[in-house]
Amino acid sequence: MATTTKRRAAAAAFTAFATALAGVALATEASAATPPATAAARAASTAAANTTAPTLDTAALQQAIAIRPGEAAAGAVALVRGDGQTWQGSSGDTQTGVPVSDDAHFRIGSISKTFSAVVLLQLAGEHRVDLDQSVQHYLPGLLPDTFQPITLRQLLNMTSGLPDIGAGGPNLTPDQLISGRFEYQSFRQIIDSTLRPEGRPAPGPVFAPGTAQSYNSLNFRIIGLLIEHVTGHSFSNEVNARIVRPLHLTGTSVPQGAPQMPSPYMHGYLTSSQGTVADVSEAGGDPSSMISTARDLNRFITALFQGRLLPRAQLAQMFALPHDANGDPLPYTGDSGNCQTGPQKGKACFGLGINSDTLPDGTVLWGKTGEDMGYFTAMFATRDLTHVGIVSTGVTDLGAEAGLENANRLAGAAFGL
């Protein structure tokens, strides 16, 4: 799958939207159930009751997330919060002509890595795992002997040196992805097919563990398997018991291969080689594939940063960037879309399941982006939760560039950039 282009778009969108978010406090509170036609009226009412703060141009916001002709996107959902006030909106689906609900469900892709990290850090806080113990200790035989000992912490902060999923194999075409979208793979199937592939040489280490950082989804498939091994329960059960139910994330689920999307949902699409747009909203995925809403992701990141999900020691570790023996940040050697902003450009920017983005004024945003077939999503916030932003776009191609374009326009409309 062409993940590099998608990851570059996601990282750029994180920077663009977050830059605007950090600079200005929001002043409008609109109901999540407010349709676009009444958003302006509700914003005016809020502004009248909140005269000390500037007023958002809700008509401009709505126009910003409207899909333009020729864009590789079908719909969008956004939520932005600042200083205790919230704006939430959505656009219509260009393929069906039906408005997208503000409460629409969507697939969150790699944002599930943050959920995985929280579960593993909770297990560390319970002394059921040691983050500085090796994968080989907990899961003997899982990694080929060509790999040095890799710690759980190195999985979490992307310094394992493992190859990424499918390394050395061909990228799947859109046609192949469309036809195989209902396929479901277990954690072990994904790991084994990457590290012990049939019909081609097995990939070796990319770098020695702990010497560099590179974004890698295989790390978190191993974490998923480890969670199941240590707890004796499925990944879904652990996420539900530890995060979803305690936070009352009623729009969040771990479907475990069940392809159906809960209603209402934002549709995601892929375009075939013949130019036909196929709805890929329903898909198989893997045990860590997740579905959520903008409102739930806002609640999740807020609870996480407030310390309601992790003990203080584990939460602090989540925000720690990896350094070498001299105390210098490790180099980032992966794709060109991550860790390319701020004074530490080219250095490690991933903590444990989240990444940082340093803005021109020195403000640091923390969060995660995620791409799944037909979807692009970003979730981020300042550490003190002064500003929070969630944006998801239903895309129609693999590049997910439309997610970046939506984020840029929304930032401009919200903050006059």
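1. In this predicted model, strands β8 and β9 form a hairpin with two residues between the strands. Within that hairpin, G374 takes a positive phi near 85 degrees. The two strands run antiparallel, and eight bridges join β8 (residues 364-372) to β9.

2. On leaving β9 the chain makes another hairpin, with β10, and here four residues lie between the strands. L385 sits in this turn and has a positive phi of about 65 degrees. Strand β10 covers residues 387-395 and pairs with β9 in the antiparallel sense, over seven bridges. T377 can be found opposite S392 in β10.

3. Strand β9 itself (residues 375-382) is mostly covered, with eight of its eight residues buried. This holds for both faces: Y375, T377, M379 and A381 are buried on one side, and F376, A378, F380 and T382 are buried on the other.

4. Turning to nonpolar cores, the largest has 76 residues. F115, L120, I222, F300 and M318 are the residues with the most contacts inside this core. Helix α4 (residues 112-125) gives the most to it, contributing eight residues. Another core, of 10 residues, lies apart from the largest one; A78, V80, L359 and L365 are among its members.

5. I222 deserves a separate entry. Which residues is I222 in contact with, leaving aside its neighbours within four places in sequence? They are V135, L139, L142, L143, L155, L162 and I191.

Conventions: Residues numbered from 1 in each chain as written. Predicted model: local features only at pLDDT ≥ 70, side-chain atom pairs only at ≥ 80, totals over all residues. Heavy atoms only, no water. Buried < 20%, exposed > 50% of the residue type's maximum accessible area, 1.4 Å probe, protein only. Pairing = 2+ DSSP bridges. Core = buried A, V, L, I, M, F, W, Y, C linked by side-chain atoms within 4.5 Å. Contact = heavy atoms within 4.5 Å.
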